Amino acid sequence: MTSYTEKGEKPERGRYLNFDHLTFWVGNAKQAAAFYCMAFNFEPVAYQGLETGNRDVAAHVIQQDKIVFVFKSALNPDNKVMGHHLMKHGDGVKDIAFAVEDCDFLVQMARSRGAVIVREPWEEKDEYGKVKMAVIQTYGDTTHTLVERMGYHGCFLPGFKPSSFQNPVLAKLPPAQLNFIDHIVGNMPEEQMEPTVQWYQKNLLFHRFWSVDDKQMHTSYSALRSVVVSNYDETIKMPINEPARSLRKSQIQEYVEYYGGAGVQHVALNSNNIIRSVMNLKSRGVQFMSIPDSYYSILRDKLRKASITVMEDLDKLQELKILVDFDENGYLLQIFTKPLQDRPTVFFEVIQRHNHKGFGAGNFKSLFEAIEHDQAARGNLTVLTPQNNIETLK
Ligand SMILES: [Fe+2]
């Protein structure tokens with residue numbers, strides 16, 4: 001793997017500050033929001049819909065510390081844009097919003113460099129202040145909304161009202177203690193990783209932060225390449241993946257086929273106590289990927305020779321199937337959920353970092369083997385023959 005120190009051109013004006021919120025387009029926003037509250041400990045904070053004067057779209061906003069998710073569904077029978085999106089992609093992430101300074105300048109720069117502006121900067125206001133926003137097209141049907149909050153102090157954005165219903169069950173469930181979005185991963189079709197990385201470099205002035213290639217990142221069956229792009233301040237990190245050719249269908253390819261193209265594969269949520277988080281998420285009903293015990297015997301061997309010490313109890317990490325990756329300076333702990341909807345598309349990661357800036361390259365092989373197990377159960381771990389014919393494994 002490669003870490004990069006060159007941050008590239010410093011933007012003369014404007015800043016990308018952090019992830020502001022994620023918007024999911026789903027079939028039933030009310031139920032999806034309730035699921036994420038129950039399973040992952042989010043709380044309803046804001047709502048938009050018929051009762052607030054929005055006649056077209058219902059939006060449910062849920063929050064946990066700095067993590068904000070918005071679930072949107074069409075209200076009317078003929079919403080072709082949202083209907084087509086749902087038919088093609090299923091439930092998924094439509095928009096990754098960034099909090100920014102100087103929205104106008106960032107849009108002007110992106111436009112002059114060739115980015116597609118879906119919506120020019122506009123202002124919205126209510127009694128809590130005003131916000132400037134704009135929307136830029138990125139990979140697949142995914143967009144980036146730039147949000148300049150200008151001191152806005154309402155519950156979410158102008159036009160939203162505070163949520164009126166708090167499910168009394170939520171307060172009785174153990175806390176997930178998830179704090180902020182660590183990174184958001186996009187899966188690209190074959191040959192699309194490099195153009196996508198270059199799009200972020202050219203239009204948003206992001207830089208390459210970290211990368212791995214398929215020689216480092218493969219199992220006996222499947223392989224991938226990944227480059228992480230980041231803003232100048234390195235507060236936003238977005239790995240961009242693509243499948244690489246190997247003996248069987250890559251899980252990235254499986255994602256691309258079920259999502260109908262490029263899209264968000266996983267959202268990593270930071271915890272400062274992953275053992276507590278995972279124990280509590282499991283008791284709330286979250287299903288995680290499992291790893292064989294052999295992973296932990298190999299890990300214990302490697303850690304015996306390592307210069308760092310893992311502070312957490314390894315027996316507990318093994319019991320919960322939490323993965324460990326490390327270098328000479330520090331380590332990270334991570335675990336991945338199963339897909340969060342019927343299509344094998346979006347899932348979450350829970351991550352805790354101890355002075356380690358990587359993305360778990362040392363775990364990719366074990367993780368991929370675990371995913372391949374599920375992929376085979378779905379009938380999708382297919383053999384790629386030299387003629388590029390595909391036949392399903394029996
Ligand atoms: Fe990740």
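These legends describe close-up views of a predicted model.

**View 1. Strand β9 and its cover.** Strand β9 runs over residues 143-148. Five of its six residues are buried, so the strand counts as mostly covered, a residue being buried if 20 or more other C-beta atoms lie within 10 Å of its own.

**View 2. The strands paired with β9.** Strand β6, residues 92-101, pairs with β9 in the parallel sense over five bridges. In this pairing I96 stands opposite H144 of β9. Strand β8, residues 129-137, pairs with β9 in the antiparallel sense over six bridges. Here Q137 stands opposite T143 of β9.

**View 3. The hairpin of β8 and β9.** Five residues lie between the two strands of this hairpin. G140 in the hairpin takes a positive phi near 55 degrees.

View 4. An unreviewed UniProt entry lists H183, H266 and E349 under "binding site". These residues are spread over 167 residues of sequence but cluster in space, with a largest C-alpha distance of 9.3 Å.

**View 5. Surroundings of H183.** H183 is located in strand β11, residues 178-187. The residue counts as buried because it has 21 C-beta neighbours inside 10 Å. Not counting residues up to four places away in sequence, H183 touches K237, M238, P239, A268 and F359.

**View 6. Surroundings of E349.** E349 is located in strand β18, which covers residues 347-354. With 23 other C-beta atoms within 10 Å, E349 is buried. Leaving aside neighbours within four places in sequence, E349 is in contact with H266, A268, L269, Q334 and F336. One of these contacts, H266, is also in the UniProt "binding site" list of the unreviewed entry.

How values were computed. Residues numbered from 1 in each chain as written. Predicted model: local features only at pLDDT ≥ 70, side-chain atom pairs only at ≥ 80, totals over all residues. Buried ≥ 20, exposed ≤ 12 C-beta atoms within 10 Å, placed from the backbone. Helix = DSSP H or I, 4+ residues; strand = E, 2+ residues; numbered from the N terminus. Pairing = 2+ DSSP bridges. UniProt positions renumbered as here; feature names shortened; annotations may be inferred. Contact = placed C-beta atoms within 7 Å.
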